Amino acid sequence: MTKFGSTQAAELRATKDVFISAIRYATSIIDPSPPFGDELRTCAQEQVEFMLGDNEEILMVIADEEIKQETRMGLCKIFSSFEKALLSPLLLELDVKDKAVENKIMQNLSDVEWLCNILLKTDLMKDFVSHWADISNDVLRVVEDKKLHSVMWGLKVKLIEVTSKVLDAVGYGNVILPAPGRVHLLKAWLPYVRKMKHLLDSMGNKEADFPYRMDEELSQSIEGAIVSLVSALPSNSQAEILADWMNGEHLKYPDLSEAFELWCYRTKSAKRRLLEALAESPLQFSASPSD
């Protein structure tokens, strides 16, 4: 190995070591000693973001299997913390009107969102999508409980923001999921997004200072991703999703008319091609003498 090559390898090893340490603190794989907990975690997250910036060297580092393994461990740690904060105790023992409780959950969800943004820059976003899909039903069971009917609006909006990134990644092909996985995401989150959009708009119209909304950019992003997702499903799955959409309330959002028109066109075209193929078939079908 040349001196230049040896120097470059040493620099890559040093960059890798720094990145691994930052990931461990950023995802709380390593719990820093008090009183540096939240502050050190935030600094580590900023360090990871900086290193994933416009830097060709880091592209070689994040492709390393050790880096991927550490990142996956961090993913499991962050999701575990979120589930323990939200899913396990919230409906059973905690006071949902306590701001300290809400702040703790929001901090955990912010860590989840941060990791999502980080993984969008790597090839590990599929791991995030799989985790999010796995916990979606449990998360929705909690946030749609009557106990949370008129509280924790920030949590409800933040869940939509994270879900938007997941739908976008799957809808535009950055993450490849089998059709059943895509159907699961749509069936879980489409009704919730529709209901929350209407509810948040209604609250905003009633209370001028109501701070929680789905802004136009977020609304359009979700709508576009859902249309793309639905349009790429097998015909039977499309029909099921579109039927639920048409039979539900709040038909205006998301507007799936484009996906519906495309489904109608494809169905009609497929039926026509089938009839043409049957007409051109050399096989002749006739009634048997016994009929």
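**Entry 1. Met152**

I looked up Met152 and found that Met152 is buried, with a relative accessible area of 3%. I use buried for under 20% relative accessible area, exposed for over 50% and partly exposed for what lies in between, with a 1.4 Å probe and protein chains only. I note that this is a predicted model, in which local features need pLDDT of at least 70, side-chain atom pairs count only at pLDDT 80 or more, and totals for chains, interfaces and linings use all residues. Residues are numbered from 1 along each chain as its sequence is written, and side-chain values use heavy atoms, with hydrogens and water left out.

I located Met152 in the loop between α6 and α7. Helices here are DSSP runs (H or I, at least four residues), as strands are (E, at least two), numbered from the N terminus. Met152 is not a glycine, yet I read a positive phi of about 55 degrees for it.

**Entry 2. A cis peptide bond**

I recorded a cis peptide bond between Tyr253 and Pro254, with omega about -10 degrees. Pro254 lies in the loop between α10 and α11 (257-280). For background, most residues other than glycine have a negative phi, and most peptide bonds are trans.

**Entry 3. Helix α10**

I followed helix α10 over residues 235-247, which are 13 residues. From first C-alpha to last, α10 reaches 18 Å, close to the 18 Å expected at 1.5 Å a residue. The expected span is 1.5 Å times one less than the number of residues.

Which residues of α10 are buried? I listed Ser237, Gln238, Ile241, Leu242 and Trp245. Seen down the axis of α10, these buried residues fall within an arc of 125 degrees, so they line one face of the helix. The arc is taken from the directions between the helix axis and the C-beta atoms. On the face of α10 turned away from the buried side, I found the exposed residues Asn236 and Asn247.

**Entry 4. The largest pocket**

I noted a volume of about 250 Å³ for the largest pocket. The closest to its centre, of the 16 residues that line it, are Leu120, Ser164, Lys165, Asp168 and Ala169. On a 1 Å grid over the protein atoms alone, a pocket is an open set of points with protein on both sides within 12 Å along at least five of seven lines; a cavity is a set where a 1.4 Å probe fits but cannot get out; lining residues have an atom within 4 Å of a point. Grid points are joined across faces, edges and corners, and a volume is the space filled by probe spheres set on the points.

I saw that α7 gives the most to the lining of the largest pocket, with five residues.

**Entry 5. The largest cavity**

I counted one cavity of 30 Å³ or more. The largest cavity has a volume of about 50 Å³. Its lining includes Phe19, Ile62, Thr71 and Leu124. Helices α1 (3-26) and α4 (65-86) give two or more residues each to this lining, and α4 supplies the largest share, three residues.

**Entry 6. Cysteines and Glu261**

I searched for disulfides (a pair of cysteine sulfur atoms within 2.5 Å) and found zero. Cys76 is partly exposed at 41% relative accessible area, and Cys264 is partly exposed at 29%.

Is Glu261 buried or exposed? I found Glu261 exposed, with a relative accessible area of 55%, and placed in helix α11.
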